[in-house]
Amino acid sequence: MRGQARQGLRRRRALSAAAALAIGVMTPGVLSAPQALAARQDSVQRSLNALVRDDGMPAALASVQDRNGRTRTYTAGVADLATGAPVPVDGQVRIGSNTKTFVAVVVLQLVAERRVDLEACVDTYLPGLVRGEGIDGRRITVRHLLQQTSGLPNYSDYLGDDVRYYAPRELLATALRHPADFAPGTSWKYSNTNYVLAGLIVQKVTGRPLAEEIDRRVVRPAGLRHTYFPAPGDASIREPHPHGYYRESADTPLRDITEIDPSWGWAAGQLVSTGTDLNRFFSALLAGRLLPSAQLAQMRSTVPAEATFGPGARYGLGLVSRPLPCGGLSWGHGGSFPGYETRGGATDDGRAANVAVTMQVTDEAGRRNLERAVDTALCR
């Protein structure tokens with residue numbers, strides 16, 4: 001995932017309009033004495049320090065769960081470049097496309113309840129809604145949506161500079177003004193439009209808002225105390241959190257874009273959470289506590305996705321597998337949202353790790369460093 005371009009959740013020109021505060025260029029590499037000591041002792045702390053020092057991230061946070069369920073949290077950098085406030089331990093961040101896994105779980109629960117069929121076409125649930133150049137909802141299945149094989153164009157590639165509330169159907173309409181990328185089922189390409197449609201199907205089938213279904217079907221059963229779907233118009237982050245930043249170019253100052261209307265992400269990327277909650281969620285999912293075994297097996301049935309997620313990566317139904325350097329696979333997703341980037345995963349033997357930084361990763365080296373930090377946490 002090359003930052004927002006790879007995740008598909010980038011608002012390129014809109015970010016400067018959304019920025020609330022321009023500040024001077026940060027001085028990287030300033031670590032407190034306790035952090036410096038920890039860096040000599042702990043490989044995870046060293047990797048976070050490097051993300052701040054070498055990659056210029058204002059802050060980095062990590063939550064690591066071992067095989068016995070014990071959790072350790074880490075921070076580096078500062079939460080607020082204007083005040084120098086410390087990074088809150090396990091602070092909330094915008095988790096971007098990790099939202100897709102939550103939505104996929106809800107859809108697969110409905111599959112288990114025989115209220116949704118993975119092989120049914122989109123028109124079964126949203127008749128006549130999905131039409132365009134090379135686009136026909138009678139040929140696109142629910143599975144195509146969840147596995148990113150529909151060929152639907154990515155609406156977030158075409159949003160303009162206007163930072164405001166977007167209704168889900170407005171996002172869909174933006175995508176449908178553009179031609180299909182390929183015929184359904186013939187290739188793979190990451191598109192946020194797939195998950196907007198999945199969210200609309202959830203609402204049509206259940207008769208309830210997507211946010212409510214995620215909360216009652218996933219957040220509460222998994223015991224996620226710091227995860228929520230922001231209400232319309234809510235641009236804030238509720239609990240202690242590091243500020244999120246954006247830089248227009250290498251020679252411009254960082255801008256604080258913590259408060260931003262997240263509705264343009266909706267089912268593709270609107271959730272707020274913490275590293276520990278994400279670890280708990282992915283661990284509960286892999287342990288079979290959120291889906292019956294048949295639906296979990298479908299979710300873990302993957303196709304190659306290296307072009308977006310890196311070497312050896314494969315995409316299931318809203319779930320990504322990545323090979324670990326110490327052997328085996330991690331399962332997760334990752335997310336990118338203006339001001340924040342998250343990577344993480346869980347293993348079948350109970351390990352889990354999530355790392356977040358407070359600026360989007362826009363280059364290949366930065367992406368590798370962030371993913372290396374996750375690998376370090378999972379393989380130590």
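Tutor: Let's start with a cut-off: a residue is buried if its relative accessible area is under 20%, exposed if over 50%, and partly exposed in between. Keep in mind that this is a predicted model.

Student: What makes Y315 count as buried?

Tutor: Its relative accessibility is 0%. The cut-off is under 20%, so Y315 counts as buried.

Student: And what about Y190, buried or exposed?

Tutor: Y190 comes in at 6%, and the limit is 20%, so Y190 is buried.

Student: How much of the chain gets that label?

Tutor: Of its 380 residues, 59% count as buried.

Student: Then what kind of pair do Y190 and Y315 make?

Tutor: Edge-to-face, with 6.4 Å centre to centre and 85° between the planes. That angle goes with the class over 60 degrees. Y190 is also in the loop between α7 and α8, so here the parts tied together are 125 residues apart in sequence. Ring pairs link W188, Y190, F309 and Y315 into a cluster.

Student: How do you know that C326 and C379 form a disulfide?

Tutor: Their sulfurs are 2.1 Å apart, and the cut-off is within 2.5 Å, so the pair qualifies. The search of the whole structure finds one disulfide. It is left-handed, with -70° about the S-S bond. C326 is in the loop between β13 (320-323) and β14 (329-332) and C379 in helix α14 (residues 364-379), so the link ties together parts 53 residues apart in sequence.

Student: Are those two cysteines buried, exposed or partly exposed?

Tutor: Partly exposed. C326 has 42% relative accessibility and C379 has 26%; the middle class runs between 20% and 50%.

Student: What makes you say that R238 is over the ring of Y228?

Tutor: R238 lies over the face of Y228 at 3.7 Å from the ring centre, and the cut-off for that distance is within 6 Å. R300 over the face of W331, at 4.6 Å, is another case.

Student: How do you know that the buried residues of helix α9 share a side?

Tutor: They are L210, E213, I214, R217, V218 and V219. Their arc around the axis is only 155°, which puts them on the same side of α9. An α-helix has 3.6 residues a turn, so residues three or four places apart point the same way. The cover over the buried residues of α9 includes α5 (98-112), α8 (192-206), α10 and α11 (275-286).

Terms used
Residues numbered from 1 in each chain as written. Predicted model: local features only at pLDDT ≥ 70, side-chain atom pairs only at ≥ 80, totals over all residues. Heavy atoms only, no water. Buried < 20%, exposed > 50% of the residue type's maximum accessible area, 1.4 Å probe, protein only. Helix = DSSP H or I, 4+ residues; strand = E, 2+ residues; numbered from the N terminus. Arc of directions from axis to C-beta. Contact = heavy atoms within 4.5 Å. Phe/Tyr/Trp six-rings, centres within 6.5 Å; stacked < 30°, edge-to-face > 60°. Lys NZ or Arg CZ within 6 Å of the ring centre and 35° of its normal.
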